[in-house]
Structures are given as C-alpha cells and as structure tokens.
Amino acid sequence: MSTHKAAKTKLVFIRNHPIRSCYLREPGGQPTSIRAMSTNNQEQDHLESIFKQKRILRSKVRQALKSMEPSLRSQEDDVIQSIVLEAPWFKSCKRLCAYISCSGLREVDTSKLLSHILHNPSPDGSMLQTVKKLYVPRVEDKNSNMRMFNVSRIDDLVANSMNILEPASVDAGGNEREDVMRANDPLDLFILPGLAFDRSGRRLGRGGGWVHHLY
C-alpha cells in the first residue's frame, strides 16, 4: 500500500539464482560441468546495480513521505482503506493476513481495516466469532523472523518494545494462538506494507527482509 505518487516509480526486481552450468561431452569421455563464471560475474554486477538503485529510491521515497502534510497523509489513508473495504476481493475473503500499521514508519494506516474485521459480527449476531479470520504479525527476534498469529479482538494486541502492536503468542486463557503456517485452510488475501510500488503492483520494501523471511 502506498501513500505518495513518488512511490509509483518503476522498479525492476531481479531474482538471484545459482550459477548456471552447462555440460559438454568430450569424444569418448564423461560429461564435464563447466561453470559459467563470466556470466555469473555479469549477473552479480547487474544485481549490485539494482541494489544501489533500490537504496537511492528508498531514500527518495522516505524523504517524500516525510515532507507530506500529516492531514494529507491521513486523508489518503482513509481513501485507501475505504477502497479496500469496498473491493469485491476483500468482501469475499474469509481468511487473511494483514499488517498493523506503524505511524513512525509512515505506513498506510490499517486501523480502520482491522476494526472492521474484528468488530464485524457473524451472521448469527455473535461477537465471539468474526466473519473473517485474521492473522497479524509478531516479530520473534532480531534476525527478521516473523510469525502470523490469529486474533479475534483488538484487545489481543499489545505494544512491543518498538511500540508496535502485535499479538502475544498465547491468548488470555494461556492457550497458544493459531499460527497461519499451521492453519488447515488456505489464505484468501495478504495485505502487505511497502515503501513503494509501481503501477504494476511490484513492491519495494524497507530493506529489512521481514516479509521475505516470512515467506
């Protein structure tokens, strides 16, 4: 989710891969593996160029977001959340992961989305079971490891050492929360934060690797 037109700058992602190998058979001999080192070096140089461009783009977008008027950012947050809430793919989803926004990082606010999900009763009128099953992130350590736990109430969220709301690993009754990686049913939707996106929806993160480690 992006809050500034500067975040629409096109960015091409290059996925790294092992060194390519080719196989040659000498007359009467066995296949010989030849590592294409020159090709790999070219690819490595290209990747380093991409990483440099990403660092430059991150700096520019952060500066653009920092210079935005808080009132404008708040208005855009409301518009973005309203678009999501009215989207057919959101209305039809039953199980989703969503991030809990951090104002200090100037992420798009998700409080309206979370409130809608957790305060929306089931068709039978019960507030004990929401229509949508929600999983939100919990940071496990300083090595970018993260888990997604199921929550059913706003009260399930507590502030961590960085003052970011996240679920405790156990509920109020001491029961272990359901981890999305152990869920029986697949997810319908994953709402991710991002520093910048292009018009095709390709994402530029903040460089910490939290989302990549989650996958």
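Modeller: A word on terms before the packing: contact means heavy atoms within 4.5 Å. Helices (H or I, at least four residues) and strands (E, at least two) are DSSP runs, numbered from the N terminus. This is a predicted model, in which local features need pLDDT of at least 70, side-chain atom pairs count only at pLDDT 80 or more, and totals for chains, interfaces and linings use all residues. Residues are numbered from 1 along each chain as its sequence is written, and side-chain values use heavy atoms, with hydrogens and water left out.

Biologist: Thanks. How many helices and strands are in the chain?

Modeller: The chain has 5 helices and 10 strands. Of its 215 residues, 33% count as buried; buried means under 20% relative accessible area, exposed over 50%, and partly exposed in between (1.4 Å probe, protein chains only).

Biologist: Which residues of α4 are buried, and what do they pack against?

Modeller: In α4, L113, L114, I117 and L118 are buried. Seen down the helix axis, they fall within an arc of 115°, so they line one face of α4. The arc is that of the directions from the helix axis to the C-beta atoms. The buried residues of α4 pack against α2, α3 (88-92), β3, β4, β5 (146-151) and β8.

Biologist: And the nonpolar core, which residues touch the most other members there?

Modeller: In the largest nonpolar core, which has 21 residues, those are F90, L96, L134 and I191. Such a core is a set of buried Ala, Val, Leu, Ile, Met, Phe, Trp, Tyr and Cys residues joined through side-chain atoms within 4.5 Å. At least two residues each come from α2, β3 (95-98), α4 (111-119), β4 (133-139) and β8 (189-191), and α4 gives the most, with 4 residues. A second, separate core of 7 residues includes L65, L195, A196 and L204.

Biologist: F90 again: what sits over its ring?

Modeller: The charged end of K132 does, 4.8 Å from the ring centre. The criterion is NZ of Lys or CZ of Arg within 6 Å of the ring centre and within 35 degrees of the ring normal.

Biologist: Switching to α2, which of its residues are buried and which are exposed on the face turned away?

Modeller: The buried ones are R73, D77, I80, Q81, V84 and L85. They fall within an arc of 135° seen down the axis of α2, so they line one face of the helix. Turned away from that buried side are the exposed residues Q75, I83 and E86.

Biologist: Why does Q81 count as buried, and what does it touch?

Modeller: Q81 counts as buried because its relative accessibility is 0%. Leaving aside neighbours within four places in sequence, Q81 is in contact with D109, T110, S111, K112 and L113.

Biologist: Where does E107 lie, and what is it in contact with?

Modeller: E107 lies in the loop between β3 and α4, and at 14% relative accessibility it counts as buried. Beyond neighbours within four places in sequence, E107 is in contact with D77, Y99, I100, S101, C102, P193 and R206.

Biologist: Last one: where is E166 found, and is it buried or exposed?

Modeller: E166 is found in strand β7 (residues 165-167) and is buried, with a relative accessible area of 8%. Not counting residues up to four places away in sequence, E166 touches I100, P137, R138, V139, D156, L157, V158 and N160. The C-alpha atoms of E166 and R138 are separated by 5.4 Å, although these residues are 28 apart along the chain.
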